[in-house]
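My notebook is open, and I am going to look around this structure step by step. Come along and check each entry against the view.

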Amino acid sequence: MSIAIIGGSGLSKLPEVKINDEIIIDTPWGKPSAPIIIGEINKTSIIFLPRHGNDHAIPPHKINYRANIWALNKINASKIISVNTVGGITELMNPETIIVPDQIIDYTSGRKSTFYEKDLEGVKHIDFTMPYAETLRDQLIKAAQAIKLKIFTKGVYGVTQGPRLETAAEISRLERDGCDVVGMTGMPEASLARELGLDYACCGLIVNWAAGKSDMPITMEIIEKNLKNGLNNINLLIAGVLRNFN
Ligand code: HPA
């Protein structure tokens, strides 16, 4: 049993990973985003899958979330840490900081979001009251404390369909709904993991102020700059979790 990392934008490779194998898996739901890396970081085994593919070619609404989660389960991942870039909505959600959200609001549409497709018999209505695994969230929070990294330890992740960014009015609505950050890749990944009984938690890297939350337009240059600056902390946090995992 190993911990799996699903890498988001900017994280199509894990630094310092010693790669032992790359597995190409076919699933009943099609192909995962990329071959799955089996490796080690500081002697702790790790599984890695870049959500957007190796060349970052798969946009959020085209990701085969079912194949990805199915494949990770098939190769015995026991827990999944998902790295997602997000925009900051509420006051403190500054770019370059990290949030480990504790709640989700799903605004996506038309995504294939369940493994129970064929018939009603055998459908499991998963309990999704707490969408993330508290034990794994706790491990992330403790790892951040151990390396003195300031992160937000809870908050609501609003997941939009994309690939366009939101209007200012949409972000105001998300804020009224209680969302702290907004991104495009948090769902249905989290609920699919729950359907298979996998522990799943999210590490959200804030890479821009959401629409209407700053005077500046949202440009790819700003997003990429904040992403580059924030990724180092994501890598430190992952390394910290792995240190405590065995
Ligand atoms: N909106 C939606 N998804 C995002 C954003 C945003 O502002 N930033 C990064 N992913």
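Predicted model: local features only at pLDDT ≥ 70, side-chain atom pairs only at ≥ 80, totals over all residues.

Next I looked up the residues around the ligand. They are T85, V86, G87, L165, E166, V182, G183, M184, V207 and N208. Strand β5 gives the largest share of this shell, three residues. The elements that give two or more residues are β5, β10 (181-183) and β11 (199-209).

Then I checked the nitrogen atoms of the ligand. I found a side-chain N or O atom of N208 at 2.6 Å from a ligand nitrogen. A polar backbone atom of G87 is 3.3 Å from a ligand nitrogen, and for a backbone N or O atom of T85 the distance is 3.5 Å. The protein covers 94% of the 260 Å² of accessible area that the ligand has on its own.

My next stop was helix α1 (residues 65-74). How many of its residues are buried? I noted seven of 10: Y65, R66, A67, N68, I69, A71 and L72. These buried residues pack against β1 (2-7), β3 (36-41), β4 (44-50), β5 (77-88) and α4 (189-195). After α1 comes N76, with a positive phi near 70°.

Last, I picked Y65, which lies in α1. Y65 counts as buried because its relative accessibility is 3%, and the cut-off for buried is under 20%. Beyond its neighbours within four places in sequence, Y65 has contacts that include R51, R111, M184 and L192.

Notes:
Residues numbered from 1 in each chain as written. Heavy atoms only, no water. Buried < 20%, exposed > 50% of the residue type's maximum accessible area, 1.4 Å probe, protein only. Helix = DSSP H or I, 4+ residues; strand = E, 2+ residues; numbered from the N terminus. Contact = heavy atoms within 4.5 Å. Near = heavy atom within 4 Å. Polar contact = N/O pair within 3.5 Å; in protein donor to acceptor, adjacent residues only side chain to side chain. Areas by Shrake-Rupley, 256 points an atom, 1.4 Å probe, with all protein chains shown as cover.
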